[in-house]
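The exercises below ask you to read a pocket, a surface patch and several charged pairs from a structure. Try each task before turning to its solution.

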Amino acid sequence: MDDDDYFKGLLDKAAPADVAEYSWYECIEGFKKADREMGSAFHRKLEWMNRAADTYFANNSKMAGFLEPFAKDTGISYDYASQINRVRKTFSGCNPNNFSSDALKVLLLAPKELQDDFMSSEEPITEKDVKLAKYGYKKAYGEGNEDLVEALALGTMKPREAAKKAMSRAEEAVIEFNALTEEQKVERLGGVKPVDAALQRKLDETLGDDFNPSNAATGILISLNRLRLFGGQKEIEHHMLGELHRSVRMQKYEAESLLMLADIISKNYDEIASYIETKPNLKVVN
């Protein structure tokens, strides 16, 4: 039963008076309000944990051993207590009420200067904001962004500003590269270099010492499954053929590999199809 059938079944069972009519806007606002309340609850947890830590220190003159009794007496797992405690300690002295709990957890793994930049903001901060800033900040220290590195060192540019600038440059570079002809792309990538046919054949038939066929096969299956979840057969076809079309140096080999895969699937179609109806054995750990 899919979600539509399940929801229809619930409506069929409910009396007309029990089914409330809400506008889309009301539903969205209701969800956002509930989300804010969840965020507020997390911040209240931080406040009470801070108070508990102060009390523990006052009673024991040390902080060692604080987490174990705290987790036990509050009825939460030690791992969850540790997670909240990391947030509490990292942002001690701050009042990050404009952050969602997920945003704070991601911010824990960000560079200190990026953390400080975020903590100085009074704007609402989401998990996506932090992830994008982390990604862009890493790019800011990449090739071609020496001016950003210098500005950061001099303090004339803040980390989040540098992250946005680096991401903008990266997007512009991708757009500019995609606008090139295939010949220009080949030239940009270093041009076509003459290769001895015998040597190339030997290279094509030789694998590195660290090659793991199981890992390679698993990677293919995982990637295909993600495309399936993203949009099904249409997305698999669109993105696979799209990447094959854009491929420059390896197009011939990648096309040959796809045809081999097609032959394998055709040959083993019935066996592969049978796995769809087979329930997974969750007791087996790969």
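**Exercise 1. How much space lies in the largest pocket, and which residues lie nearest its centre?**

Solution. About 1,300 Å³ of space lies in the largest pocket of this predicted model, a volume being the space filled by probe spheres set on grid points that are joined across faces, edges and corners. A pocket is, on a 1 Å grid over the protein atoms alone and with a 1.4 Å probe, an open set of points with protein on both sides within 12 Å along at least five of seven lines, and its lining residues have an atom within 4 Å of a point. The lining comprises 23 residues, and those nearest the centre are Leu221, Leu224, Leu261, Ile265 and Ile272. Two or more lining residues come from each of helix H12 (213-246), helix H13 (251-267) and helix H14 (269-277), where helices (H or I, at least four residues) and strands (E, at least two) are DSSP runs numbered from the N terminus. H12 gives the most, with 11 residues. By residue class, the lining holds 19 nonpolar, 2 polar and 2 charged residues; here Ala, Val, Leu, Ile, Met, Phe, Trp, Tyr, Cys and Pro count as nonpolar, Asp, Glu, Lys and Arg as charged, and the others, Gly among them, as polar.

Residues are numbered from 1 along each chain as its sequence is written. Because this is a predicted model, local features need pLDDT of at least 70 and side-chain atom pairs count only at pLDDT 80 or more, while totals for chains, interfaces and linings use all residues, and side-chain values use heavy atoms, with hydrogens and water left out.

**Exercise 2. Which residues make the nonpolar surface patch of about 680 Å²?**

Solution. The patch is made by Ile220, Leu261, Ile264, Ile265, Tyr269, Ile272 and Tyr275. Such patches consist of residues with over 30% relative accessible area and no salt bridge, nonpolar side chains (Val, Leu, Ile, Met, Phe, Trp, Tyr) being joined within 5 Å and like charges within 9 Å; the areas come from the Shrake-Rupley method with a 1.4 Å probe, and for residues only the protein chains shown count as cover. H13 and H14 are the elements that give two or more residues to this patch. Tyr269, which is placed in helix H14, is exposed at a relative accessible area of 53% (buried means under 20%, exposed over 50%, and partly exposed in between, with a 1.4 Å probe and protein chains only).

**Exercise 3. Where in the helices do Arg169 and Asp147 lie, and how far apart are the N and O atoms of their salt bridge?**

Solution. The side chains of Arg169 and Asp147 meet at 2.6 Å, N to O, and a salt bridge requires a side-chain nitrogen of Lys or Arg within 4 Å of a carboxyl oxygen of Asp or Glu. Arg169 belongs to helix H9 (residues 159-178) and Asp147 to helix H8 (residues 146-154), so the pair ties together parts that are 22 residues apart in sequence. Arg169 is partly exposed at 25%, and Asp147 is partly exposed at 38%.
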